[in-house]
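Here are my notes for your first look at this protein. Keep the structure open as you read, and find each part as it comes up.

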Amino acid sequence: SITAVISFLCMGRRLLVSHLGKVGRWELSHRRSGRAIIRHRLLRDESMSISNNELRKAGLKITLPRVRILELLESSPVHHLSAEDVYKALLAAGEDVGLATVYRVLTQFEAAGIVERHHFEGGHSVFELKDDQHHDHIVCTDCGRVCEFHDDVIEARQIAVAESLGFSLPGHSLHLYGSCLKGGCSGKPGA
């Protein structure tokens with residue numbers, strides 16, 4: 001941790017500040033004669049620097065909500081999360097963030113190319129970290145489970161169809177919809 005001596009105006013409060021691009025908490029550890037000795041405790045040193053770099057590359061200011069949301073998206077075993085899923089996960093982790101902030105940050109991440117928004121059937125958007133590897137999606141219409149896949153034959157066929165119709169195909173999005181065949185689908189009748 002970093003120790004510093006500064007004039008302390010907000011007596012007894014925790015301050016959230018950015019110091020040298022590192023977000024953390026400055027905690028009061030000792031007071032004397034109108035000055036305070038405070039200690040800077042970094043929050044998740046290693047992952048924080050990765051998140052900071054991603055945010056900087058995207059041209060976004062480093063804020064605690066942005067860092068926390070990016071960390072959540074990077075560490076979640078579920079790759080497709082709605083804004084509500086992100087909000088609930090942050091609340092469960094003890095983070096003090098509003099749903100409007102989550103929506104705003106995810107929209108900023110989308111505009112900056114950090115996440116991709118998908119509008120699957122069912123009426124709500126889900127977000128996933130943007131990946132250099134192209135993949136398509138198959139969605140269960142019963143439970144909403146999303147699986148990613150890549151198939152070279154499907155990719156080649158899409159290019160051939162586009163060319164036969166007089167198009168070049170710089171990109172595409174393929175979403176298949178079906179029902180889970182494996183047991184345990186929470187959306188099946190009687191589940």
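1. Start with two helices. Helix 3 and helix 4 are oblique to each other. Their axes cross at roughly 125° and come within 9 Å. Helix 3 covers residues 83-92, and helix 4 covers residues 99-112. The crossing of this pair is right-handed. Keep in mind that this is a predicted model.

2. Which residues make the contact between helix 3 and helix 4? From helix 3 come A83, E84, V86, Y87 and L90. From helix 4 come L99, V102, Y103 and L106. Sort them by class and you get eight nonpolar residues, one charged residue and no polar ones.

3. Now step back to the whole chain. The protein has five helices and nine strands. Along the sequence the order is β-β-β-β-α-α-α-α-β-β-β-β-α-β.

4. Next, bring in helix 2, residues 64-75. The axes of helix 2 and helix 3 cross at roughly 105° and come within 11 Å. That makes the two helices roughly perpendicular, because angles of 65 to 115 degrees are counted that way. On the helix 2 side, the contact uses R68, I69, L72 and L73. On the helix 3 side, it uses V86, A89 and L90. By class there are six nonpolar residues, one charged residue and no polar ones.

5. Helix 2 also packs against helix 4. The angle is about 70°, and the axes are 10 Å apart. Helix 2 and helix 4 are therefore roughly perpendicular to each other. Helix 2 brings P65, R66, I69, L70 and L73 to the contact. Helix 4 brings T101, V102, V105, L106, Q108 and F109. The class count here is eight nonpolar, two polar and one charged.

6. Then look at the largest nonpolar core. It holds 20 residues. Which of them touch the most other members? They are L55, I69, L73, V86, V102, L106 and F109. Helix 2, helix 3 and helix 4 are the elements that give two or more residues to this core. Helix 2 gives the most, with five.

7. Zoom in on V86. What does V86 touch, leaving out residues up to four places away in sequence? The list is I69, L72, L73, L81, V102 and L106. Of these, I69, L72 and L73 belong to the helix 2 side of the contact with helix 3.

8. For contrast, visit G59. This residue sits in the loop between helix 1, residues 45-57, and helix 2. Is G59 buried or exposed? G59 is exposed, because its relative accessible area is 63% and the cut-off is over 50%. A112 is 53 residues away from G59 in sequence, yet their C-alpha atoms are 7.6 Å apart in space.

9. Finish with two figures for the whole protein. Of its 191 residues, 30% count as buried. Take the contacts with a separation of 6 or more: residues 24 or more positions apart account for 44% of them.

Methods: Residues numbered from 1 in each chain as written. Predicted model: local features only at pLDDT ≥ 70, side-chain atom pairs only at ≥ 80, totals over all residues. Heavy atoms only, no water. Axes fitted to C-alpha atoms, helices over the stretch in contact; angles between N-to-C directions. Helix = DSSP H or I, 4+ residues; strand = E, 2+ residues; numbered from the N terminus. Parallel < 35°, antiparallel > 145°, perpendicular 65-115°, else oblique. Left-handed = near helix turned anticlockwise from the far one by under 90°. Contact = heavy atoms within 4.5 Å. Nonpolar A, V, L, I, M, F, W, Y, C, P; charged D, E, K, R; others polar. Core = buried A, V, L, I, M, F, W, Y, C linked by side-chain atoms within 4.5 Å. Buried < 20%, exposed > 50% of the residue type's maximum accessible area, 1.4 Å probe, protein only.
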